[in-house]
Amino acid sequence: MDKIPPSVHRNLHLLALGSNASVESSANRSLLNRALDIFNSLSGVTLRCSRFYVTPAFPAGAGPDFVNACVAVESDLSPAEMLALCHRIEADLGRVRKERWGQRVIDVDLLACGDRVLPDGETLRRWMALPLARQMKEAPGELILPHPRLHERGFVLVPLADVAPDWVHPVLGRSVAQMLAALAPEEIAAIRPI
């Protein structure tokens, strides 16, 4: 897996993929591979993909374990265009949004676009500070970048460290490697490469 150079590229898009459609990790992995194939066919860009990891469902009890991965993409697509592409891939694979953080066929999240902060720093900080109980019920009505939970989630940071360990969060000022090192060891221990 090639790593991204330490410098931040404005055209660098970071995405997280996950599936817990089945109790069989091989079926979930197959769905991630299909999502990557669709992405390549629609975008024509080269992906740098992490290893695949089995991770506990979040929140606990939200279905079977996930298979998660992260990808890094160099693209001239705008953040809105990249988000639309992520949603199209989800729809092509049969994702229907019924409940927040429920079991799902595929999840393709736009984590970051270079060093962009969208829509602005104040809005991002407000969503970053939202308590978990409210996070489970509320979803932003606009694109928030970087993803407001990125720095808290081992199931994102572990695979993201495979492809972009030196990417620096534009608000927190910490690299992926530093954010990962700040997580509780028991959270990291529950994430297994496959």
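Mentor: Let's start with a word we'll need: two residues are in contact when they have heavy atoms within 4.5 Å. Before going on, keep in mind that this is a predicted model, where local features need pLDDT of at least 70 and side-chain atom pairs count only at pLDDT 80 or more, while totals for chains, interfaces and linings use all residues. Numbering runs from 1 along each chain as its sequence is written, and side-chain values use heavy atoms, with hydrogens and water left out.

My pick is strand 1, residues 12-19. Strands here are DSSP runs of E with at least two residues, helices are runs of H or I with at least four, and both are numbered from the N terminus. What about its cover? Eight of the eight residues of strand 1 are buried; buried means under 20% relative accessible area, exposed means over 50%, and partly exposed is in between, using a 1.4 Å probe and protein chains only.

Now look at which way the side chains go. In a regular strand they alternate between the two faces of the sheet. In strand 1, Leu 12, Leu 14, Ala 16 and Gly 18 point one way, His 13, Leu 15, Leu 17 and Ser 19 point the other way, and all of them are buried.

Next, the neighbouring strands. Two strands pair if DSSP finds at least two bridges between them. Strand 1 and strand 4 run antiparallel and are joined by eight bridges, with Leu 17 standing opposite Ala 69 in strand 4. Strand 5 also pairs with strand 1 in the antiparallel sense, over six bridges. There, Leu 15 stands opposite Leu 110, and Leu 14 stands opposite Ala 112. Strand 5 is mostly covered too, with six of its seven residues buried.

If you leave aside its neighbours within four places in sequence, its contacts are Phe 39, Ala 69, Cys 70, Val 71, Val 73, Met 82, Cys 86, Val 108, Asp 109, Leu 110 and Leu 111. Leu 15 also turns up in a nonpolar core, which is a set of buried Ala, Val, Leu, Ile, Met, Phe, Trp, Tyr and Cys residues joined through side-chain atoms within 4.5 Å. The largest such core has 25 residues, and Leu 15, Phe 39, Val 73 and Ile 89 have the most contacts inside it. Two or more residues each come from strand 1, helix 1, strand 4 (66-74), helix 2 and strand 5 (107-113). Helix 1 gives the largest share, five residues.

Another core lies apart from that one, and its 19 residues include Leu 12, Leu 14, Ala 161 and Val 163. Remember that Leu 12 and Leu 14 point one way from strand 1 while Leu 15 points the other way. Ala 161 and Val 163 are among the buried residues of helix 5. Ten of the ten residues in helix 5 (residues 154-163) are buried, so this helix is largely enclosed by the rest of the structure.

His 13 has 0% relative accessibility, so it counts as buried. Its side chain reaches the backbone oxygen of Leu 77 at 3.0 Å. That is a polar contact: a pair of N or O atoms within 3.5 Å where, within protein, one must be able to donate a hydrogen and the other to accept it, and residues adjacent in sequence count only if both atoms are side-chain atoms. Leaving out neighbours within four places in sequence, the residues in contact with His 13 include Val 71, Val 73, Ser 75, Leu 77, Met 82 and Leu 110.

Finally, step off the end of the strand. Asn 20 sits in the loop between strand 1 and helix 1 (25-43). With a relative accessible area of 0%, Asn 20 is buried. Its side chain reaches the backbone oxygen of Pro 64 at 3.0 Å.
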